[in-house]
Number of protein chains: 2
Amino acid sequence: MSEPRYTPLARSLPATVPFVGPETQERQRGAPFVARLGANESVFGPSPKAIEAMARASSDIWMYGDPENHDLRDALAEHHGTTPDNIVVGEGIDGLLGYLVRLMVGPGDTVVTSEGAYPTFNYHVAGYGGELHKVPYKDDREDPAALFAKAAEVNAKLVYLANPDNPMGSWHSGADIVAAMDALPEGTLLVLDEAYVECAPEGTAAPVSADDPRLIRMRTFSKVYGMAGARVGYAIGAPGLIAAFNKVRNHFGMNRAAQAGALAALRDQDWLATVQTRISKARTRIGEIAKDNGLVPLPSATNFVAIDCGQDGAFAKAVLESLVEQGIFVRMPFAAPQNRCIRVSCGTEDDLAAFTDALPKALAAARG
Amino acid sequence: MSEPRYTPLARSLPATVPFVGPETQERQRGAPFVARLGANESVFGPSPKAIEAMARASSDIWMYGDPENHDLRDALAEHHGTTPDNIVVGEGIDGLLGYLVRLMVGPGDTVVTSEGAYPTFNYHVAGYGGELHKVPYKDDREDPAALFAKAAEVNAKLVYLANPDNPMGSWHSGADIVAAMDALPEGTLLVLDEAYVECAPEGTAAPVSADDPRLIRMRTFSKVYGMAGARVGYAIGAPGLIAAFNKVRNHFGMNRAAQAGALAALRDQDWLATVQTRISKARTRIGEIAKDNGLVPLPSATNFVAIDCGQDGAFAKAVLESLVEQGIFVRMPFAAPQNRCIRVSCGTEDDLAAFTDALPKALAAARG
């Protein structure tokens, strides 16, 4: 046969990658990064108890993981004061967003997000033939009122809102999100991505019932819990919607050691508190470094800081490229005017010392 | 909103699960299984070097895995004498089958498989709206000639063939598969699932070029490599088809420790050889136990044995249910007449001793 008979949709899709991984960049530059501050991973790592649980589970890896994720869902339900029927566990928020989009979006269906928001969500929408409508940020924050108004205008099936936001680090209070939801149109499901909420100020998580049929919330062990490489995310929503994931998910898709690690991580809230403190300190330090170089750090409720480089996207890109050349892995927003910033994840003292050394040179190179 | 606006396809899908996991059964019976012989996992476990690699990688789990799976694809390419462009790594064969079906099958597209073959493939086909046509087994073996003739008749986009077969354990020589492929219709892609090939007789793997555009081969670390819980599978195919997976896959979906474990497992072919020997001995032992009870073990090229219980599906089901009650987790084929059998995975000596004790009681109960 000459070429496989792809679906018309598959044929139309570009072979793009939402993000180029740091390992790819390391192979290209022929050297490892000195500081890995570009993917909003948690350099502070997971709870030692989670590491121990995963190491121990490695010996049991000959067994498939429990396809129901029973114990983890039970513990998450207790943690959130919901029932297990409100919770689906999946291969990271990325995996869960894919399943959700698959359930809801077909060719021509409309979806709303912010210009410059999470590209992997957009990747899924495009991948199922959805039509994306984008709303600009307002003062470097996602704009719930504009998002929901656009959703009404285009009859969107889904509207995506990250709170706190990536890539800007900005946030709204949960109460403000809930108030704004009064304007959420009937027939539009809110996808509230709360990936960073564990390091946001008290009151940032949306104070809604898990049974509220208007939204589904996404949470993850990849960020403050420090387990990005384990691929464990979960969604909280009304039981009917949660049950629908069983129609399409990869039932045996979860890594068994990751299940055990997430359970241990959830049970060690003391560790989470120490990480929250370290993230807070690192955010402050990144802000100082920015200011020492005449730049403006944006307020952040996440484990990274967007630094306004004070000029346009081309300038910020030049700064970023010099940082990468110097072995500092960072990323930057995709869309103007947010792309005047670079995005720096919280690092260890050594990481931030390396960033301190590299930033003046990067600015000089970009200006030069 | 009252109910989410699912796609018509999603709305039409049942909330079924391809398999009920053993943990679910354990929760139902209120006790753990004595012997876990139902999921064709490898009780012999992975290479100790793989366990060590996964345990070590647990400390690095704060980092996302390499989305290109570069090192593992490189090693697999060397192992198979192909290029990395011939190989895509994914979340088990289950995950890869899902991506493949998504690329190829839309509502109304036709797909061919055997009656009673791997249900998770069927789950994916149904999940994307495909229309399944099934061909019966012939002498308890998949029937390539009939499969390919049916594919021609219904203009199938995909035809699924497992060699060796699950759930029967039967097999064809790779040369016979290749000869049969002369009748594979233009425009039909053969999905050759070789999940069990590492414990099959020499010559079972299809002797085809990785660039052959007529087929894609599926391999896994879940069976003889003993890493079912890690979720690492891979497909070998022509570069164009392999590249197409990048349009739809979850790029950051792989567990970082699993990537490291698979690499270490692949490099320890000595361990694989010891597992092959143990599987061979366990198959022989299962056969003896069957014969001691007046039953007929079917020849097997896999890590399990289908035992013909000598009567119909209802009888085999009664045997199975008694075994499960006695703490022996086994499964059985879904379709007649193969459902006259129970399917018993290779176990340790202790596992098979427990099976030896339980089988006579199960037969008595079923006859009783």
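**Reading two interfaces**

Modeller: In chain A, the side chains of A:R340 and A:D140 meet in a salt bridge, 2.6 Å from N to O (a Lys or Arg side-chain nitrogen within 4 Å of an Asp or Glu carboxyl oxygen). This is a predicted model, in which local features need pLDDT of at least 70 and side-chain atom pairs pLDDT 80 or more, while totals for chains, interfaces and linings use all residues. Residues are numbered from 1 along each chain as written, chains are lettered from A in the order written, and side-chain values use heavy atoms, without hydrogens and water.

Colleague: How many salt bridges are counted between domain 1 and domain 2 of chain A?

Modeller: One. Domain 1 covers 19-45 + 270-367 and domain 2 covers 48-267, with bounds from an automatic or database domain assignment. Their C-alpha centres lie 25 Å apart.

Colleague: What area do the two domains of chain A bury between them?

Modeller: Interface size is often given as the accessible area lost when the parts come together. Here the value is about 2100 Å², 66% of it on carbon and sulfur atoms (1.4 Å probe, summed over both parts). On the domain 1 side, A:L272, A:A301 and A:Q338 lose the most area to domain 2, together 25% of what that side buries.

Colleague: And what do chain B and chain A bury between them?

Modeller: About 7000 Å², with 55% on carbon and sulfur atoms. Each chain contributes 84 residues to the contact (heavy atoms within 4.5 Å). Six salt bridges are counted between the chains; one of them pairs B:E23 with A:R256 at 3.2 Å, N to O.
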